[in-house]
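Please look through the sequence and the model shown below before reading on. The paragraphs that follow move from a single side chain to the chain as a whole, and then back to individual places in it.

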Amino acid sequence: MRDSFGLVHIAVVVDAFGPELDAEAAAAAIVAGWHAAAPDARLTVLRPAEAGDVDGADLVVTGVACFDWQALRDSLVTAAAGAAVARGVPCVVLAGQVSVGRREASAVGVDAAYPLATVDRDALVTLAERVARRWGR
């Protein structure tokens, strides 16, 4: 059976996860993990300034070092989630830490948020692969 996200368009727009994992490295790690689970997936990596430009995406994946109360106000996460909501597609957050509940996340348009056990490239690749498998059902 083919992964249902294998042939869809996923927009990836992330911020830095810390000094060792800048936005570009974090996006590359997410792409690597996603492709491990869904090799045929079409991923478009957007710069943080392009967070609102998710036209044609079937899923928006965003990320940040800490998804907390501050990230719920005028952040990359809220910009990406708002763009996803406007287009009627889900938004998933990968974060170094997640300290907001599902209700607060949902209020800004985030469908799910996943924390990292440790903030490094390998952990982010593994998390992206796990999330790709979950959202591929």
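Does Arg133 count as buried, partly exposed or exposed, and at what relative accessibility? In this predicted model, Arg133 counts as partly exposed because its relative accessibility is 46%, a value that falls between the limits of under 20% for buried and over 50% for exposed. The side chain of Arg133 takes part in a salt bridge with Glu129, in which the closest N and O atoms are 2.8 Å apart. Both residues belong to helix α4, where a separation of 4 residues places Arg133 and Glu129 about one turn of the helix from each other.

With that pair located, the chain as a whole can be followed. Its secondary structure comes to 4 helices and 5 strands, and, read from the N terminus, the elements follow the order β-α-β-β-α-β-α-β-α. Of the 137 residues, 49% count as buried, and among the contacts with a separation of 6 or more, 71% are accounted for by residues 24 or more positions apart. The accessible surface comes to about 7000 Å², and carbon and sulfur atoms contribute 50% of that area.

The charged side chains deserve a separate look. The chain carries 12 positive and 17 negative side chains, with the centres of the two sets 8 Å apart. Side chains of opposite charge can pair when their charged atoms come close. A search of the whole structure finds 3 salt bridges, one of which is the bridge between Arg133 and Glu129 described above. Another joins the side chains of Glu50 and Arg47, with an N to O distance of 3.3 Å; here Glu50 is partly exposed, since its relative accessibility is 25%, while Arg47, at 57%, counts as exposed. A further bridge brings together the side chains of Asp55 and Arg87 at 2.5 Å, N to O. This pair links distant parts of the chain, for Asp55 sits in the loop between β2 (42–45) and β3 whereas Arg87 belongs to helix α2, 32 residues apart. Arg87 is itself partly exposed, its relative accessible area being 34%.

Where does Asp68 lie, in terms of the elements on either side? Asp68 is found in the loop between β3 (59–67) and α2 (76–87). Asp68 is buried but has no salt bridge, and the nearest side chain of opposite charge, that of Arg73, is 8.0 Å away. Leaving out residues up to four places away in sequence, Asp68 touches Ser99 and Val100.

The loop between β3 and α2 also holds Asp74, which counts as exposed because its relative accessibility is 83%. Most residues other than glycine have a negative phi. Asp74, however, has a positive phi of about 45° although it is not a glycine.

Leu21 counts as buried because its relative accessibility is 3%. When neighbours within four places in sequence are set aside, Leu21 is in contact with Ala16, Ala26, Asp120, Arg121 and Leu124. The separation between Leu21 and Asp120 is 99 residues in sequence, yet their C-alpha atoms are 6.7 Å apart in space.

Two exposed residues complete the tour. Ala117 lies in the loop between β5 (112–115) and α4 (121–135), and it is exposed because its relative accessible area is 82%. The C-alpha atom of Ala117 is separated by 15 Å from that of Ala29, a residue 88 positions away along the chain. Val85, in helix α2, is exposed as well, with a relative accessible area of 51%, just as the cut-off of over 50% requires. Between the C-alpha atoms of Val85 and Leu127, which are 42 residues apart along the chain, the distance is 23 Å.

Conventions:
Residues are numbered from 1 along each chain as its sequence is written. This is a predicted model: local features need pLDDT of at least 70, side-chain atom pairs count only at pLDDT 80 or more; totals for chains, interfaces and linings use all residues. Side-chain values use heavy atoms; hydrogens and water are left out. Buried means under 20% relative accessible area, exposed over 50%, partly exposed in between (1.4 Å probe, protein chains only). Contact means heavy atoms within 4.5 Å. Accessible areas come from the Shrake-Rupley method with a 1.4 Å probe; for residues, only the protein chains shown count as cover. Lys and Arg count as positive and Asp and Glu as negative; His and the chain ends are not counted. The place of a charge is taken as NZ of Lys, CZ of Arg, CG of Asp or CD of Glu. A salt bridge is a side-chain nitrogen of Lys or Arg within 4 Å of a carboxyl oxygen of Asp or Glu.
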